[in-house]
Amino acid sequence: APDLARAPWAEGAGTQVTLHDVRDFRYRGTTDWDPAWYTATYDTDALTGASFIVEPFSGFYGAAHTMVSFGFQDGRHVVFSVEVRREQGETFSALGGLFRRFEITYVVGDERDLVQLRSNFRHDDVYVYPVNASKERITAFFMDMVQRMNGLHTQPEFYDTLTSNCTTNLVRHFEKVATKDVPYDHRTLMPAFSDALAYELGIIDTDVPLEQVRQRYHINARALAAQGRDDFSARIRAPLESAAAPVP
């Protein structure tokens with residue numbers, strides 16, 4: 001499919017990681033866009049954090065898409081999204097995903113593409129939760145995703161609705177960097193509730209009840225106000241950062 005025509009890959013030297021075919025489409029609608037990809041170099045020493053992104057699907061109980069975004073000192077954010085690599089005219093089917101129908105891919109893109117598409121054009125709720133982890137663990141998380149992406153680039157795999165979907169792949173990365181074991185849990189198969197699992201594990205904020213954390217990091221109104229702006233990432237976060245301060 002046109003939005004999946006390029007499979008990203010990376011090369012590195014020291015702390016420098018160069019990502020090729022980072023997607024940065026500009027949308028007028030869900031099927032109307034200006035395609036664009038770019039190559040960019042990121043310094044892992046300049047990582048400032050990661051965000052766990054949850055997009056529950058409207059009208060489908062428990063269904064959602066999950067992604068991870070990494071932020072850098074210069075204000076850039078790059079998103080990793082585990083998806084099926086649809087062919088021309090192909091549509092996703094959870095049932096088809098059980099029978100080796102789809103290839104799995106790591107889409108890497110700008111937040112103006114991967115987040116804005118979901119919040120502003122698909123009009124799904126989007127939650128962008130800062131990940132509570134040390135700089136060392138965030139760096140390990142980033143590099144683990146890069147290595148997995150490169151592995152799929154050279155040796156493709158099938159998507160599996162139950163064992164190799166968007167959330168189960170993220171869990172495997174979390175397991176390598178989390179301070180607690182990530183248990184097998186039905187919420188990895190019903191990812192609309194994956195933020196509840198992240199909350200229980202302390203991966204996201206736990207200073208207030210989960211429903212208040214969800215309200216804190218629901219970014220749709222901010223995303224609509226920031227539509228098309230180059231500082232989209234900063235604008236969807238600026239009010240959230242002050243709101244995330246500990247309550248006296």
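Reply: A residue is called buried if its relative accessible area is under 20%, exposed if it is over 50%, and partly exposed in between, as found with a 1.4 Å probe and protein chains only. The model is predicted, and for that reason local features need a pLDDT of at least 70 and side-chain atom pairs count only at pLDDT 80 or more, while totals for chains, interfaces and linings use all residues. Residues are numbered from 1 along each chain as its sequence is written, and side-chain values use heavy atoms, with hydrogens and water left out.

The chain contains seven helices and 10 strands; helices (H or I, at least four residues) and strands (E, at least two) are DSSP runs numbered from the N terminus. Of its 248 residues, 52% are buried. Contact means heavy atoms within 4.5 Å. Among contacts between residues at least 6 apart in sequence, 63% join residues at least 24 apart.

Now to the rings themselves. A pair of aromatic rings is described by the distance of the centres and the angle of the planes. Rings of Phe, Tyr and Trp (its six-membered ring) pair if their centres lie within 6.5 Å; planes under 30 degrees apart count as stacked, over 60 as edge-to-face, and the rest as tilted. By this rule the count is 13 aromatic pairs. One of them joins Phe70 and Phe80, with ring centres 5.8 Å apart and planes at 90°, so this pair is edge-to-face. Phe70 belongs to strand 7 (residues 64-72) and Phe80 to strand 8 (residues 77-84), and the two are 10 residues apart. Both of these residues are buried.

Another pair is formed by Phe72 and Phe142, whose ring centres are 5.9 Å apart and whose planes stand at 80°; it is therefore edge-to-face. Because Phe72 lies in strand 7 and Phe142 in helix 2, this pair ties together parts that are 70 residues apart in sequence. Phe72 and Phe142 are buried as well. Ring pairs link Tyr42, Phe70, Phe72, Phe80, Phe141 and Phe142 into a cluster.

Helix 2 (residues 135-154) supplies Phe142. This helix has 20 residues and reaches 29 Å from its first C-alpha to its last, close to the expected 28 Å; the expected span is 1.5 Å times one less than the number of residues. Its buried residues include Ile138, Phe141, Phe142, Met145, Met149 and Leu152. An α-helix has 3.6 residues a turn, so residues three or four places apart point the same way.

The nonpolar core comes next. A nonpolar core is a set of buried Ala, Val, Leu, Ile, Met, Phe, Trp, Tyr and Cys residues joined through side-chain atoms within 4.5 Å. The largest core has 51 residues, of which Leu19, Phe70, Val78, Phe80 and Phe142 touch the most other members. Helix 2 gives the largest share of this core, seven residues. Leu19 is in contact with Tyr42, Val78, Phe80, Val146 and Met149, among others, when neighbours within four places in sequence are left aside. A second, separate core of 14 residues includes Val115, Ile219, Ala226 and Ile236.

Arg23 lies over the face of Phe25, 5.2 Å from the ring centre; a charge sits over a ring if NZ of Lys or CZ of Arg is within 6 Å of the ring centre and within 35 degrees of the ring normal.

Finally, the loop between strand 7 and strand 8 contains Gly75. With a relative accessible area of 43%, Gly75 is partly exposed. Its C-alpha is 7.9 Å from that of Ser233, which is 158 residues away in sequence.
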